[in-house]
Amino acid sequence: MKFRIKFSGALIAFAVFLLLGGYRFMDVEIISSYLAAATLHEIGHIVAAKVCRARIAGITFDVMGARMHLCGALLSYRDEAVIAFFGPAVNFISAAFFFRAFPLFSEFSVMLGTFNMLPVTSFDGYRILYSLVALRSGANTADKVSRLFSMIFVVLLWLFATYVLLRYRSGFTLFIFSCLLFFRLYA
């Protein structure tokens, strides 16, 4: 099977916006720091998948991040948790390693690693929680527990973002992000 890379329509639209001059509204250091942190995150998943002997069919990139597609036999819950954990772990390790030389990159790495550890649907933390609960209690219990935690964390994040936006008149990006998660979970 060939390795396939896909890009979502929203990500392509954002790239076109940048190419048509939208980059003038954005700081190059911010964009490059975020892209470097996101790339290292995905490399962490890829290395872990190779260590676990998983075959990677491809990667899909969208506005909310990337999703790795595996092919072949199903992974054990342990391997699934290891692969999910390695992305955020690489973020935290690289943030500590490059803190003095590239502080903005380190901030993005910590932010990306922290958000990905939240037990929210389609995040690494959800996959880790699901896998660990499934190891002990089975897939049905893991599904129920993971969905409950996901719902609780999305609602708490949305409430926090709303409070910050209304109280301090800042944090609009966090508010939009929490709304996207909320919509993704309940739509």
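The legends below describe several views of one predicted model.

**View 1. Helices and strands of the protein chain.** The protein chain has seven helices and three strands. Along the sequence these elements follow the pattern β-α-α-β-β-α-α-α-α-α. Here helices (H or I, at least four residues) and strands (E, at least two) are DSSP runs, numbered from the N terminus.

View 2. Of the 187 residues, 33% count as buried, where buried means under 20% relative accessible area, with a 1.4 Å probe and protein chains only. Among contacts (heavy atoms within 4.5 Å) between residues at least 6 apart in sequence, 56% join residues at least 24 apart.

**View 3. Charged side chains of the protein chain.** There are 17 positive and 9 negative side chains. Lys and Arg count as positive and Asp and Glu as negative, while His and the chain ends are not counted. The centres of the two sets lie 6 Å apart, each charge being placed at NZ of Lys, CZ of Arg, CG of Asp or CD of Glu.

**View 4. Glu42 in helix α2.** Glu42 is part of helix α2, which covers residues 28–51. Glu42 counts as buried because its relative accessibility is 13%. The C-alpha atoms of Glu42 and Leu75 are separated by 18 Å, and the two residues are 33 apart along the chain.

**Notes.** Residues are numbered from 1 along each chain as its sequence is written, and side-chain values use heavy atoms, leaving out hydrogens and water. Local features need pLDDT of at least 70 and side-chain atom pairs count only at pLDDT 80 or more, whereas totals for chains, interfaces and linings use all residues.

Notes:
Buried < 20%, exposed > 50% of the residue type's maximum accessible area, 1.4 Å probe, protein only.
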